[in-house]
Amino acid sequence: MKEKQKAVVVFSGGQDSTTCLFWALKKFDEVLAVTFDYGQRHKLEIECASSIAKELGVEHHILDMALLNQLAPNALTRDEIEVSEGEEGTLPSTFVEGRNMLFLTFAGVFAKVKGAKHIVTGVCETDFSGYPDCRDIFIKSLNVTMNLAMDYPFVLHTPLMWIDKAQTWEMADKLGKLEYIREKTLTCYNGIKGDGCGECPACHLRKRGLDNYLKSKGE
Ligand SMILES: [Zn+2]
């Protein structure tokens, strides 16, 4: 009998991870979602993730990572720090040192307990914001480390690694979920779902990608 392929998706309720969730639902027999609660500015982000998971009938777990805020106060967790786009060559104020490494490692511990080999994350090198733990070489290195650390054949999947925001919208469209992702996901730093506030760096990036994709499609 064919082994059931089970995957854990690192899920924030944003455009990228929701696209990954749909990708995983198509590819694997069983999918679980994990969301990390690290004192985000907007509890709305977690509520958004929960409501999407519920709507899709995906088992959803919220893991408490409050310690991240103790280690690395930054604009995503502290209201008094302003969200800004980093100057050329510097990291933006939303950067949390080591965040993806920690998230993926915890997702791995969780996945092994749940009997899931596959871990899916929406990290991406293309819109590279300078996060060293989003790079492909890091993901490959961590994959090896996790396999050794837990003696388990994890496979880390990064379906967005080499595509830009426009191509991420294209992927959503090919999965038949463009409208769903456009309306129900939350990317905006000001906590507004869908097309967002239109003013913050996350909204700019998301809109530019969507406009480029729709234009390339001739809409
Ligand atoms: Zn916004």
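**Reading the sheet and its helices**

Tutor: E2 and strand E3 (residues 59-64) pair in the parallel sense over six bridges. Two strands pair if DSSP finds at least two bridges between them. Helices (H or I, at least four residues) and strands (E, at least two) are DSSP runs, numbered from the N terminus. This is a predicted model: local features need pLDDT of at least 70, side-chain atom pairs count only at pLDDT 80 or more, and totals for chains, interfaces and linings use all residues. Residues are numbered from 1 along each chain as its sequence is written.

Student: Which residues stand opposite His 61 and Leu 63 in E3?

Tutor: In general, strands of a sheet pair through backbone hydrogen bonds, either parallel or antiparallel. Here Val 34 stands opposite His 61, and Phe 36 stands opposite Leu 63.

Student: In what sense do E1 and E2 pair, and over how many bridges?

Tutor: Strand E1 (residues 6-10) pairs with E2 in the parallel sense, over five bridges. The chain crosses from E1 through H1 to E2 in a right-handed β-α-β crossover; with the strands pointing away from the viewer, a right-handed path from the first strand over the helix to the second runs clockwise. Within this pair, Val 8 is opposite Leu 32 of E2.

Student: In what order do the five strands form the sheet?

Tutor: The order is E3-E2-E1-E4-E5, in an open sheet with parallel pairing. E3 and strand E5 (155-157) are the edge strands, each pairing on one side only. From one strand to the next, the twist averages 25°.

Student: Why is H1 described as largely enclosed?

Tutor: A residue is buried if 20 or more other C-beta atoms, placed from the backbone, lie within 10 Å of its own, exposed if 12 or fewer, and partly exposed in between. Ten of the 13 residues of H1 are buried, so the rest of the structure largely encloses this helix.

Conventions
Axes are lines fitted to C-alpha atoms, for helices over the stretch in contact, and angles run from 0 to 180 degrees between N-to-C directions.
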